[in-house]
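Colleague: I am new to this model. Please walk me through it, and tell me what stands behind each label.

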Amino acid sequence: MSPRFAAVDLGASSGRVITARFGDGLDLTEVRRFPNRPVRAGGTLYWDVLGLYGNVLDGLRDAGPVTSVGIDSWAVDYGLLDADGALLGNPVHYRDARTDGVMERVRADLGDAYLYGIGGLQFLPFNTVYQLAAARAGLARAERLLMIPDLLAYWLTGVQGAEPTNASTTGLFDVRRRDWSTELLGRLDLPARLFPPLREPGTTLGTLRPDVAAETGLPAATPVVAVASHDTASAVVAVPATGDDFAYISCGTWSLVGVELPGPILGDAGRAANFTNEAGVDGTIRYLRNVMGLWLLQECLRVWGSPDLPALLAAAADVPGLRSVVNPDAPEFLPPGDMPARVAAFCHRTGQPVPDSPAAVVRCVLDSLALGHRAALRAAVELSGKDVAVIHLVGGGSRNDLLCRLTADACGLPVVAGPVEATALGNLLVQARAHGLVGDLPAMRALVAATQPLRRHEPGGDDAAWAEAAARAGLE
Ligand code: ADP
Ligand code: LRH
């Protein structure tokens with residue numbers, strides 16, 4: 001029987017356990033999917049981490065015996081453990097208000113050039129470093145900080161560790177040395193004991209605890225392999241590029257827009273443009289910027305009581321384009337809330353027509369995301385000097401034909417949409433490589449291109465209209 005692997009992939013909106021058999025082709029099976037619903041309790045917004053872990057256990061049971069398991073999730077968030085390895089408090093959601101005003105304080109204390117020179121990380125208010133500054137009082141009893149995928153891996157195996165792709169989103173990582181920045185930890189007065197040793201993607205981190213094996217029905221010898229545990233890092237592994245001249249948009253709750261580089265760019269221009277240098281597999285760098293992404297649409301749907309998405313997108317396609325646009329990265333769109341009202345307020349404030357139906361709001365959101373993609377893509381090309389002939393748009397957003405078409409039009413480049421489950425695929429490919437079944441990044445990408453359904457959207461439309469709309473949204 002050909003080897004079969006299990007990917008646990010936790011996105012901000014849903015989690016899944018997906019298996020793949022590596023034989024003649026590459027057969028994916030979704031064995032379990034579950035919603036990831038944040039919970040507000042006592043005024044704080046949390047992840048339901050035990051609910052997620054319960055679904056992971058159920059998913060592994062559904063998967064049956066596998067060659068290995070890998071875990072990835074969204075970045076920046078963490079759990080704290082005490083000296084006995086017990087979880088201290090429930091992990092807080094990065095959209096919680098506890099970080100309000102904190103980033104500004106830390107930046108003023110340490111200086112942007114200093115922080116960026118070490119981490120090369122874009123300044124986002126929820127980066128781990130600012131969350132820790134907000135939660136300082138809670139650190140006294142903590143012995144260990146584990147990023148979310150490392151926390152789940154610890155519960156599965158009993159082994160504590162960290163992984164560079166996710167560690168590089170903390171703001172506490174030296175992106176050139178690919179290690180925790182002990183200097184920065186010292187400057188911030190953060191105890192070094194909190195930050196566990198790093199393990200590279202592709203290494204076995206442990207095997208299942210006996211109680212986990214009993215509960216899932218899997219053999220206790222089942223290895224858990226470190227993968228690119230930051231979901232965006234795994235997604236970029238599985239971009240179906242056939243050459244080097246590509247940009248990517250990993251499009252789900254967030255749109256992560258950028259290029260892959262052999263090393264970081266830590267200069268002033270990238271810092272001013274708020275570009276990030278996140279660590280990838282094989283020493284690569286994801287040079288990208290966060291665009292607010294389909295979060296805007298998710299929150300609209302929630303407020304409207306979850307209407308049918310394909311029907312709404314079809315209606316939005318018939319609404320005239322670029323009538324009203326917003327800057328998707330405006331700070332008021334970050335926290336959960338009444339997104340249609342916030343979109344309306346932005347349009348009103350900037351003297352644009354207020355969208356008067358759900359379809360018009362959706363059109364405004366998608367036009368605006370395409371504008372966000374355009375601005376980030378242009379900056380990535382300009383700052384990196386990289387030739388880009390095609391954009392690979394992967395993740396759940398690749399199912400949204402209208403967004404893909406608008407992105408192609410706004411950027412003036414072809415968009416190749418898919419795979420939808422790029423993150424899980426990247427997770428599975430790194431496990432398969434550890435097993436000697438695939439080669440380097442180009443070989444992994446060639447395998448994805450040859451086996452996964454993709455759809456190509458050619459650019460059309462009028463660049464002057466997009467430029468005018470970008471100015472209206474305050475994006476250029
Ligand atoms: P995350 O990993 O951040 O949770 P995903 O990559 O799973 O996000 O993408 C989720 C998004 O995919 C949804 O917010 C939705 O906008 C989009 N999506 C899912 N199904 C469809 C569909 N049938 N048509 C269009 N878009 C879809
Ligand atoms: C996407 C993602 C992104 C981070 C954000 C917190 O899921 O990992 O790369 O910036 O979540």
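Modeller: Start with N274, in the loop between α10 (268–272) and β15. Helices (H or I, at least four residues) and strands (E, at least two) are DSSP runs, numbered from the N terminus. This is a predicted model, in which local features need pLDDT of at least 70 and side-chain atom pairs count only at pLDDT 80 or more, while totals for chains, interfaces and linings use all residues. Residues are numbered from 1 along each chain as its sequence is written, and chains are lettered from A and ligands numbered from 1 in the order in which they are written.

Colleague: Why is N274 called partly exposed?

Modeller: A residue is buried if 20 or more other C-beta atoms, placed from the backbone, lie within 10 Å of its own, exposed if 12 or fewer, and partly exposed in between. N274 has 16 other C-beta atoms within 10 Å, so it is partly exposed. It also has a positive phi of about 55°, although it is not a glycine.

Colleague: What makes R178 partly exposed?

Modeller: R178 has 14 C-beta neighbours inside 10 Å, so it counts as partly exposed. R178 sits in the loop between β9 (173–174) and β10 (179–180). Its phi is positive too, about 55°, and it is not a glycine.

Colleague: Why does L425 count as buried?

Modeller: L425 has 29 C-beta neighbours inside 10 Å, so it is buried. L425 belongs to helix α16 (residues 422–434).

Colleague: Which residues does L425 contact, leaving aside its neighbours within four places in sequence?

Modeller: A238, P419 and V448. Contact means that the C-beta atoms, placed from the backbone, lie within 7 Å. P419 lies in the loop between β18 (415–417) and α16. The peptide bond from G418 to P419 is cis, with omega near 0°.

Colleague: How do you know which strands pair in the seven-stranded sheet?

Modeller: Two strands pair if DSSP finds at least two bridges between them. The sheet is open, with mixed pairing, and its order is β15-β16-β14-β13-β17-β18-β19. β15 (276–279) and β19 (455–457) each have a single partner strand, so they stand at the edges, with one side of each left without a neighbour in the sheet.

Colleague: How many bridges join β14 and β16?

Modeller: Seven, in the antiparallel sense. G258 has L288 in β16 as its bridge partner. Four bridges join β15 to β16, which run antiparallel, and E278 is partnered by R286 in β16. β13 (residues 246–251) and β14 (residues 255–261) are antiparallel as well, with four bridges.

Colleague: What makes β16 mostly covered?

Modeller: Six of the seven residues in strand β16 (residues 285–291) are buried.

Colleague: Which residues of α14 and α18 meet?

Modeller: D367, S368, L371, R374 and A375 in α14 meet W466, A469, A470 and A473 in α18.

Notes: Contact = placed C-beta atoms within 7 Å.
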